[in-house]
Amino acid sequence: MSRLRQLVPTERTSDTDAVVAAISSARTLPPFGDEVIDFGAALSRRLSKIGRGMPETEALAFWMRKAELRRLADSFAALGTETELLMPRGTVFHVPPANVDTLFVYSWLLATLTGNRNIVRMSERSTEQAATIVGAIRDVVGDFPAVAATSTMVTYGHEQEITDALSAACDVRVIWGGDGTVDAIRRSPLPPHAKELTFPDRFSLGAIKTTAYEALGAAERDRLCTLLFNDAYWFDQLGCSSPRLVVWVGQRDDVEECARDLMSRLRASIDAKGYSVDTATAVAKILQSYRTMIDADVSALRREGNELVMLTVESFPQVRGEFCGGGLFYSLSLDTLLELAPHIERRDQTLAYHGFEPSELRELAVALNGRGIDRMVPFGKALAFNRLWDGYDLLQEFTRRVTIDIDPAL
């Protein structure tokens with residue numbers, strides 16, 4: 001019998017079958033019930049205290065404060081009617097990535113808020129920050145027995161028999177991670193009625209209108225670069241929505257000066273935040289830069305220390321896939337935003353922007369016609385999690401719609 005380490009609601013070593021039996025016997029909860037909202041608010045307060053100095057954890061705590069959960073409850077209520085009810089799907093099996101410390105909480109909490117039972121598989125390579133968050137959940141959940149009964153977090157290696165057992169017990173499987181992770185987890189079959197959500201490798205970019213950047217004062221430019229820093233560097237530029245390519249839209253004669261100014265201000269943000277990269281990442285950036293110069297039409301390389309390298313490319317670069325992170329950017333000039341459309345692929349997720357009118361963004365979305373880009377957000381919001389992610393509405397994906405056909409004779 002396979003064994004795993006349970007982290008929540010209590011920390012212990014347990015048999016996989018026992019974990020499955022316990023979670024399967026728990027009752028699902030009313031969506032957005034008072035106990036679940038109170039639990040989320042209590043956890044938010046706890047994370048606010050322990051998360052000082054950890055911006056990702058502070059952002060998570062802010063996202064799950066009680067007022068925000070109430071707004072989320074109102075949004076959920078608007079999705080149904082008296083004859084179309086959104087009910088929990090049952091058991092949700094979450095497989096979050098190891099490199100984004102807080103993502104597992106967003107996925108798990110949304111499924112919990114909608115009333116589901118949850119199994120979260122934490123990587124054995126989870127960071128200290130993730131372990132701190134798990135500890136906070138364990139400390140708080142004991143005061144909320146219904147939530148504790150429907151939430152289990154476990155960790156184990158790559159034993160497929162465990163993944164098989166957890167997959168066989170779920171009604172929804174959620175896989176966050178690279179394409180390789182999705183392929184590996186999919187070797188474990190699901191029950192015929194179950195559904196699967198996958199969040200595989202993604203590529204994200206930013207777009208800046210040159211005239212809008214030129215119109216900014218020094219303080220406004222500094223603020224924009226701080227927002228870009230937050231989008232790119234929080235997860236060492238390895239978050240799925242962190243921009244890697246910066247597209248300048250406008251007169252190309254103005255781009256070089258704008259790009260140089262942006263780099264100097266971004267370097268100042270890096271220094272102010274105290275960000276640094278390790279030797280391995282610095283070397284990987286050099287190697288990836290050289291490979292790009294061989295494979296793509298690179299006209300310039302600018303380097304501002306180990307933490308910031310920018311490659312100017314003359315055409316849309318084929319740089320999706322393996323990425324070193326740590327502050328490697330590609331810079332491209334285009335005359336119009338619509339010129340992006342032919343180059344966008346399905347794996348392209350977030351477009352962070354500055355200086356564009358809503359009509360220009362809508363025009364691009366229509367031109368793409370679903371080919372790629374699920375989110376268009378101002379700089380500073382690329383990593384802001386939302387119930388709408390990768391084109392899914394997670395409030396609806398974690399529920400099933402029960403319809404009631406009213407007898408007209410009644």
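**Notebook: strand β7 and the cysteines**

I began with strand β7, residues 172-176, and found that this strand is mostly covered, with 5 of its 5 residues buried. I note that the model is predicted.

I then asked which residues lie on each side of β7. Val172, Val174 and Trp176 are on one side, while Arg173 and Ile175 are on the other. Both faces are covered, and these residues are all buried. I recalled the general rule that side chains in a regular strand alternate between the two faces of the sheet.

Next I looked up the strands that pair with β7. Strand β4, residues 91-95, is joined to β7 by 4 bridges, and the two run parallel. I picked out Phe93, whose bridge partner in β7 is Arg173. Strand β8, residues 195-199, also runs parallel to β7, and 5 bridges join them. Here I noted Trp176, whose bridge partner in β8 is Phe199.

Finally, I turned to the cysteines. How many disulfides does the structure hold? I found 0. Cys324 is in no disulfide, and its nearest cysteine sulfur, that of Cys240, is 17 Å away. A pair would need its sulfur atoms within 2.5 Å to count as a disulfide.

Is Cys324 buried or exposed? I found Cys324 buried, with a relative accessible area of 16%; the cut-off for buried is under 20%. I also looked up Cys170, which is buried with a relative accessible area of 1%.

Key: Residues are numbered from 1 along each chain as its sequence is written. This is a predicted model: local features need pLDDT of at least 70, side-chain atom pairs count only at pLDDT 80 or more; totals for chains, interfaces and linings use all residues. Side-chain values use heavy atoms; hydrogens and water are left out. Buried means under 20% relative accessible area, exposed over 50%, partly exposed in between (1.4 Å probe, protein chains only). Two strands pair if DSSP finds at least two bridges between them.
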